[in-house]
Amino acid sequence: MANTESAGPTADVPPVRYRVSGMDCAKDAAQIERAAQSAGVAADDVKVSAATHIMTLSAPEARLPDIEKAVAVTGYGFDRIEGDGDIPPNPAHQDPAYRRALWIVVILNVGYGVVEMIGGFIAGSQAVKADALDFIGDGAITFLGLLAIGWSLAWRARSALIQGIFLGLLGLGVLGTTIVRVFERTTPDAGLMGLLGMIALVVNVISVLPLLRFRKGDANMRAVWLFSRNDAIGNAAVVVAAGLVAWLGSAWPDLIVAFGIAGLFLHSSWAIIRDARADLKAAA
């Protein structure tokens, strides 16, 4: 158990901020916060914004090396922000080659997300539609990161707020159509479901490859695979659901997976909106 008493009083300690790289969704922010708390940081003294990808710590300077070591275990990158700026000096995002690699990731994610969404309608599969939404969401998050390079905290928060609302509406759409399918109970095309899920796994791997040469060190390398692994879980769930649909001749496996993916997506959307509003208040 972490010894939170060792952290010392933090009421008069100025906050320290870090730009976090490699985050995918709100659950990543929660994971980082738990890692900091394991190093003795009180829950109220650490905040990771799912909107702007900034970690704010209230801890004495002497405690920072231990906290940095604890959060580094999560596999994400942490760059300390000095002074009153919002961006650490010489961030990796300024590398033109890295930006091109991120554009490839955006095109692959959004492009296949659209293809998979169309395939979901053809197959009559809600799980495939929900997985497509995850692809589009990942692409949109990366796209926002590209556009927001060099923007102030306030403008990044405004962009994240718009993105969170947009993604939330998409998630509600998938959730609503899934509820309708519960009453219709039409069995989806299991073969097409499985094919789309397998292609999604391949696209995830291809999306990682352009970024590998820019990942230096064990922690950052692990962040790439964390990103890919989290997406692959959803893809694998679609493939498993397809097998169960074919085996049972029932639409329920498809619907259950769709509810699960849509629910997680809506939670992330809500977290982005919540954090964006908090960041806007802080910027004001």
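Over the face of which residue does K129 lie? K129 sits over the face of F121, at 3.9 Å from the ring centre. The views below are taken from a predicted model, in which local features need pLDDT of at least 70, side-chain atom pairs count only at pLDDT 80 or more, and totals for chains, interfaces and linings use all residues. Residues are numbered from 1 along each chain as its sequence is written, and side-chain values use heavy atoms, with hydrogens and water left out.

**View 1. The whole chain.** The chain holds eight helices and four strands. Helices (H or I, at least four residues) and strands (E, at least two) are DSSP runs, numbered from the N terminus. Read from the N terminus on, the order is β-α-β-β-α-β-α-α-α-α-α-α. Of the 284 residues, 51% count as buried. Buried means under 20% relative accessible area, exposed over 50%, and partly exposed in between (1.4 Å probe, protein chains only). Take contacts between residues at least 6 apart in sequence: 79% of them join residues at least 24 apart. A contact here means heavy atoms within 4.5 Å.

View 2. The unreviewed UniProt entry places "transmembrane region" at residues 101-123, 135-154, 161-180, 192-212, 232-249 and 255-273. UniProt positions are given in the numbering used here, feature names are shortened, and annotations may be inferred rather than shown by experiment. Residues 101-123 are 100% helix and 0% strand, with end C-alpha atoms 32 Å apart. Residues 232-249 are 94% helix and 0% strand. The end C-alpha atoms of residues 232-249 lie 25 Å apart.

**View 3. K129 and the ring of F121.** A charge counts as over a ring if NZ of Lys or CZ of Arg is within 6 Å of the ring centre and within 35 degrees of the ring normal. K129 meets this with F121, at 3.9 Å from the ring centre.

**View 4. The aromatic pair.** A search of the whole structure gives one aromatic pair. Its members are Y112 and F135, placed edge-to-face, with 5.2 Å centre to centre and 70° between the planes. The pair links distant parts of the chain: Y112 belongs to helix 3 (residues 96-123) and F135 to helix 4 (residues 126-147), 23 residues apart. Rings of Phe, Tyr and Trp (its six-membered ring) pair if their centres lie within 6.5 Å; planes under 30 degrees apart count as stacked, over 60 as edge-to-face and the rest as tilted. Y112 counts as buried because its relative accessibility is 9%. F135 is buried too, at a relative accessible area of 3%.

**View 5. Surroundings of F135.** F135 lies in helix 4. Leaving aside neighbours within four places in sequence, F135 is in contact with N109, V110, Y112, G113, E116, A200, V203, N204 and N235. F135 and M117 are 18 residues apart in sequence and 9.6 Å apart in space, C-alpha to C-alpha.

**View 6. D131 inside helix 4.** D131 is found in helix 4. Its relative accessibility is 1%, so D131 counts as buried. Not counting residues up to four places away in sequence, D131 touches E116, A200, G234, N235, V238 and I261. The side chains of D131 and N235 make a polar contact (2.9 Å). A polar contact is a pair of N or O atoms within 3.5 Å; within protein, one must be able to donate a hydrogen and the other to accept it, and residues adjacent in sequence count only if both atoms are side-chain atoms. D131 and D231 are 100 residues apart in sequence, yet 8.7 Å apart in space, C-alpha to C-alpha.

**View 7. R63 and its loop.** R63 is found in the loop between strand 3 (54-57) and helix 2 (64-72). R63 counts as buried, at 15% relative accessibility. The side chain of R63 reaches the backbone oxygen of A39 at 2.2 Å. The C-alpha atoms of R63 and G40, 23 residues apart along the chain, are separated by 9.1 Å.

**View 8. The buried face of helix 2.** The buried residues of helix 2 are L64, I67, A70 and V71. Seen down the axis of helix 2, these buried residues fall within an arc of 125°, so they line one face of the helix. The arc is that of the directions from the helix axis to the C-beta atoms.
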